[in-house]
2 protein chains.
Amino acid sequence: MKATEILKSNGINITSQRVKVLDYLLTKKQHLTVDQIYASIADKNEIISLATVYNVISLFVEKGILKRISSPEDKAIFDVTLENHFHFYCTKCGSISDVSSSFFDISALDLMGNKPDLFFGYFTGTCNECNKGVKKGKLLNLLRQKVKIFNRR
Amino acid sequence: MKATEILKSNGINITSQRVKVLDYLLTKKQHLTVDQIYASIADKNEIISLATVYNVISLFVEKGILKRISSPEDKAIFDVTLENHFHFYCTKCGSISDVSSSFFDISALDLMGNKPDLFFGYFTGTCNECNKGVKKGKLLNLLRQKVKIFNRR
DNA sequence: TTAATAATTTATAATAATTCTAAATTTAGA
DNA sequence: TCTAAATTTAGAATTATTATAAATTATTAA
């Protein structure tokens, strides 16, 4: 589904800024911070204000297009709400990976009379890659860092 | 167990500030923000710096005495690590309640090869009290607010 | 179409949580 | 006690986010 259609079907007026942000979100889908979104759009020489990114994002969260999730760091991170899933933060390599929600059904839980509908959070531990002995996750992460630094030049 | 014993057994040098913070934590146990801790100690005319509260808390987290948990707001909140439990944030009344961890055993989960050891996060939904029809939770919360405002005078 | 109105964007200022810094104080070990 | 290391501290700096108010853009009514 295209950005404009998604906006319309959620009763959101179309503006170029909203389309730009949503376009970017749809290609990346998850684990995005506000300045990642801002920087990526600004990098393409597209004019957008940081304040607008904040505005658009909180509008999207309000309308249910985005979900604000907790992160091990202090910044807020956002996911496009495609399907319910959990996050796994590896304490060895620092990678964030997804875990399918099929591992347990939240809505079926009855937590001492409380009826849960959503879950915000993440698991920590050692990831798949690190458990294999070779810390692939760490290597990948280092590589990503280097690419990032290189791109800044 | 007394504060000084806990500090010793965790290999932490004893200082009056660390004891003050831990004493307070042991009476309250959970859902504490840094400024709550700071304000409570300062209220008793005990001299302590905000920077020290930050220092002490991050030391405690490092040593495993405290756990940093996610909260629906932006501030970091902390729990004394007595036993593993989950948090439930009610979207109707705004109350935070505890949910026993006996509902599922994290360490037994194998999340796509990732080995979880900890879980940071919370569930949202409607709480026990609100589900009973009478929004006891909301009433309680309003009451707490009023007490808080009264205490500020 | 035009005038008026509402919605949106924007730069900048303000706020709030947290971290940093470097000096002062306290504590621990010889 | 003396010295070195650890800790505390006030205040500055940083960072993410929100607020403000003016400027721009879009929408509606005449």
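This briefing covers helix α4 of chain A, its surroundings and the confidence of the model. The model is predicted. Among the elements of chain A, α4(A) has the highest mean pLDDT, 93. α4(A) also gives the most residues to the surface near DNA strand C, with 4.

**Helix α4 of chain A**

- Helix α4 of chain A runs over residues 50–63, which makes 14 residues.
- At 1.5 Å a residue, α4(A) should span 20 Å, and its end C-alpha atoms are 20 Å apart, so expectation and model agree.
- The buried residues of α4(A) are A:Val53, A:Val56, A:Ile57 and A:Phe60.
- Seen down the helix axis, these buried residues fall within an arc of 100 degrees, so they line one face of α4(A).
- A:Ala51 and A:Glu62 are exposed on the other side of α4(A).
- The cover over the buried residues of α4(A) includes α2 (16–28), α3 (34–43), β2 (66–69) and β3 (77–80) of chain A.
- A:Gly64 follows α4(A), and its phi is positive, near 90 degrees.

**A:Val56 in its setting**

- A:Val56 lies in helix α4 of chain A.
- A:Val56 counts as buried because it has 24 C-beta neighbours inside 10 Å, and the cut-off is 20 or more.
- Leaving aside residues up to four places away in sequence, A:Val56 touches A:Gln17, A:Arg18 and A:Val21.
- A:Val56 and A:Val19 are 37 residues apart in sequence. Their C-alpha atoms are 9.7 Å apart in space.

**Surface near DNA strand C**

- DNA strand C is surrounded by 23 residues. The closest are A:Asn13, A:Thr15, A:Ser49, A:Thr52 and B:Ala76.
- Two or more residues of this surface come from each of α2 and α4 of chain A, and from each of α3 (34–43) and α4 (50–63) of chain B.
- By type, the surface near DNA strand C has 9 nonpolar, 10 polar and 4 charged residues.

**Confidence**

- Chain A has a mean pLDDT of 74. In this chain, 66% of the residues reach 70 or more.
- Helix α6 of chain A (residues 136–152) has the lowest mean pLDDT among the elements of the chain, 42.
- Over residues 134–153 of chain A the pLDDT is below 50. Beyond near neighbours in sequence, this stretch has 18 contacts in the model.
- Where pLDDT is low, predicted coordinates should not be read in detail.

Technical notes:
Residues are numbered from 1 along each chain as its sequence is written. Chains are lettered from A and ligands numbered from 1 in the order in which they are written. This is a predicted model: local features need pLDDT of at least 70, side-chain atom pairs count only at pLDDT 80 or more; totals for chains, interfaces and linings use all residues. The expected span of a helix is 1.5 Å times one less than its number of residues. A residue is buried if 20 or more other C-beta atoms lie within 10 Å of its own, exposed if 12 or fewer, and partly exposed in between; C-beta atoms are placed from the backbone. The arc is that of the directions from the helix axis to the C-beta atoms. Two residues are in contact if their C-beta atoms, placed from the backbone, lie within 7 Å. pLDDT is the predictor's confidence in each residue, from 0 to 100. A residue is near a molecule or strand if its C-beta atom, placed from the backbone, lies within 6 Å of it. Ala, Val, Leu, Ile, Met, Phe, Trp, Tyr, Cys and Pro count as nonpolar, Asp, Glu, Lys and Arg as charged, and the others, Gly among them, as polar.
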